[in-house]
Amino acid sequence: MMKRVLTTCPYCGVGCNFYLDVRDNRIVGIIPSKSNTVSQGRLCVKGWHAHEPIQHPDRLKKPLIKENGKFSRKSGIPQNAGKEAIWKEVSWEYALDYVAGRLKEIKDKHGPDSLAVCTSARCTNEENFLMMKFARAVLGTNNVDHCARTCHSATVSGLNQSFGSGASTNSYDELTRMDCILIIGSNPTEAHPIAGWRVRTAIDNGAKIIVCDPRKILPAEDASVFIQQFPGSDIALINAMISYIITENLQDKEFIQQRTEGFNELWEAVKDCSPESVKDITGVEPTLIKKAAKLYATSKKACIMYSLGMTEHTVGTDNVIAMANLAMVCGQVGKEFSGIYPMRGQNNVQGACDIGALPNVYSGYQPVTDDAARKKFEAAWGVGLPKEKGLTLTDMMYKAIEGKLKCFYIIGEDQIRTDPNSRWIEKALDSLEFLVVQEIFMSDTAKKADVVLPGASFAEKEGTFTCAERRFQRVRKAIEPIAGKTDGEIVCEIAKRLGYAMEDNPSKVCDEMASLTPLFSGVSFDRLEANGLQWPVYAKEHPGTPVVHLEKFIRGLGKLIPVKHRPPAEVADSEYPFILTTGRMLFHYNTGTMTRRTNNLNREYPRNFVQINQVDAQKLGIKNKIKVKVKTRRGELIVAAEVTDKIKAGVIWMPFHFSEAPTNVLTNNAFDPVCRIGEYKACAAKVEKV
Ligand code: SF4
């Protein structure tokens, strides 16, 4: 008997919908949903194959305890270091009792802030709500965070300062009817393909495109202006655009006057940043900056689309603020057909932030330091809650190495492969007394754990994801959980063993979340049935909000905040003459956990490589496809060279999907001081022939 289950794609933050065809508790196919407003019958190559890894034989099916890892961690030197792990399959009862027992023991001995939880942007909103509730109400700590720290925490901190809300201002539907799209630090064709399709449609409809990227990505071929700036020079580039716009009197004076504050301070900061003055920093001809600035400022309907090329810097927050400044100076925000689109990487990274899986806020960005908010959650949950902000994911690693963080419960994240400077992360995880990892496959991070709990994929659970246009969409269960439990159920069972009962029914968890969160008050499973809802949804009758900041910004006046160029933590020098930057490819997704287990995807790109400009390659005697060594101050990898004219001279680029040659061994664990995001997009490197 075949059934067809409508659900939401588990890969990128675009949020396409498809049907899973299910026969005898097996998924046998995928059909795009024509009626879904996000994807309108389209899927990218990853979406078409999203079911394959779910039933892969590598799936973890039983809890595992490391026999030679138990109680073995002391002073950062695990006794099993260098030895092959011996894993023992245990029952759920045994594993959950054991985990709960160890969490209690460490909490009693070292206090609640010696524990931390990493939730998962791959899990549903309801599961993230349970995980953050578990950290706060059960463990008693605000040490809860997730992978947005390493991708869009700069968006949350930057846009929040400028507008009062750290999310996309407008909707996907508007993209196709823009007059001008400024794409900066984002490769929608490969990383967010159905958003890339909308950009393509906009071009076909006559839109002018400005692409700013160190690589000649596909949209650059159709761009009216293509700016190939150096990684880490974006503030200089944007300030030069603002400076030129104001000098040429192209700013939106009425908007600046009525909707913003801080214009004089901004002008003071940018007035000397002429396009000519930033040429050495950006490596861009002033005429191109002027052309781009004029096009963006004078287009009637213009927006900015950006992604991790802007956020993953030590100046990530300031990069985001610079873009907000540009949009406000030109009046290209706070109305339909304008705005800023931060393209979210993971399927539910927007939701995991919104739902409060962050160390400083509860759901809907209600600060943990706000007495009224805390009292509301205390009353609802029947426990006292911690008053101080918790640790970010970044600072959890530092505290683990210092010996202050003793225990880490990681759900659905492979930090060793995703975080910058893998060896530093390994050192942090080795320093813990107890590590629990909940995963669907045995990842490199899971291999470090004392206990591995088998999680469930998107197809095995009910719930919601929130895509990059702030849209809550339903996730529906197609098959029973392969290992027997959903991630939310696992967390609730550990909570129960620690003496705290949590409701695990996803619909009821959604209702609880709505009851405590003004931004999502009107969200419930029944209201999401057709095409979801875009938050804010203030009440049961509220229709959702396709465009935010319409009459006024959420913070009142938009704030123009002066930001200045600061170079990356590492710049090219005589020893490391290249700047290494990293990114995602069409056929793969993040650590490759799922796409490397999908035959049709893995066969296209089965191994890592480095892109190098043909002029640089010639100087080094490097030919296409030969093996080269890429080296930074943190590590080295041997990969094939891809010699191309598509990358700027002096810059090299690598994807990060390949665990056998993991690029994050090379990247720099230098962090933005505000949001604590790592500098994946610029570090000094050298390339040698092997
Ligand atoms: Fe899935 Fe993103 Fe592809 Fe859509 S664009 S099918 S959400 S990976």
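**View 1. The largest nonpolar core of the predicted model**. This core has 59 residues. Phe 134, Trp 381, Tyr 409, Leu 453 and Ile 494 are those with the most contacts inside it. Helix H3 (residues 125-139) supplies the largest share of the core, nine residues. Another core, of 55 residues, lies apart from it; Ile 235, Leu 237, Ala 292 and Met 328 are among its members.

**View 2. Surroundings of Tyr 409**. With neighbours within four places in sequence left aside, Tyr 409 is in contact with Ala 116, Val 117, Cys 118, Phe 134, Val 436, Gln 438, Leu 453, Ile 490, Val 491 and Ile 494.

**View 3. The open sheet of five strands**. The strand order is S12-S11-S10-S14-S15, and the pairing is parallel. Strands S12 (225-227) and S15 (340-342) each have a single partner strand, so one side of each is left without a neighbour in the sheet. On average, neighbouring strands are turned by 15° against each other, direction ignored.

**View 4. Strands S10 and S11 with the helices on the sheet**. S10 (residues 180-184) and S11 (residues 208-212) run parallel and are joined by five bridges. In this pair, Leu 182 stands opposite Ile 210 of S11. Helix H8 (residues 234-247) packs on the sheet and touches S10, S11 and S12; the direction of H8 makes about 155° with that of S10. Helix H4 (residues 153-163) lies across S14 (302-306) and S15, running at about 160° to S15.

**View 5. The shell around the ligand**. Cys 9, Tyr 11, Cys 12, Gly 15, Cys 16, Leu 43, Cys 44, Gly 47, Pro 193 and Ile 194 surround the ligand. Eight residues of this shell are nonpolar, two are polar and none is charged.

Terms used
Residues numbered from 1 in each chain as written. Predicted model: local features only at pLDDT ≥ 70, side-chain atom pairs only at ≥ 80, totals over all residues. Heavy atoms only, no water. Pairing = 2+ DSSP bridges. Helix = DSSP H or I, 4+ residues; strand = E, 2+ residues; numbered from the N terminus. Axes fitted to C-alpha atoms, helices over the stretch in contact; angles between N-to-C directions. Contact = heavy atoms within 4.5 Å. Near = heavy atom within 4 Å. Nonpolar A, V, L, I, M, F, W, Y, C, P; charged D, E, K, R; others polar. Core = buried A, V, L, I, M, F, W, Y, C linked by side-chain atoms within 4.5 Å. Buried < 20%, exposed > 50% of the residue type's maximum accessible area, 1.4 Å probe, protein only.
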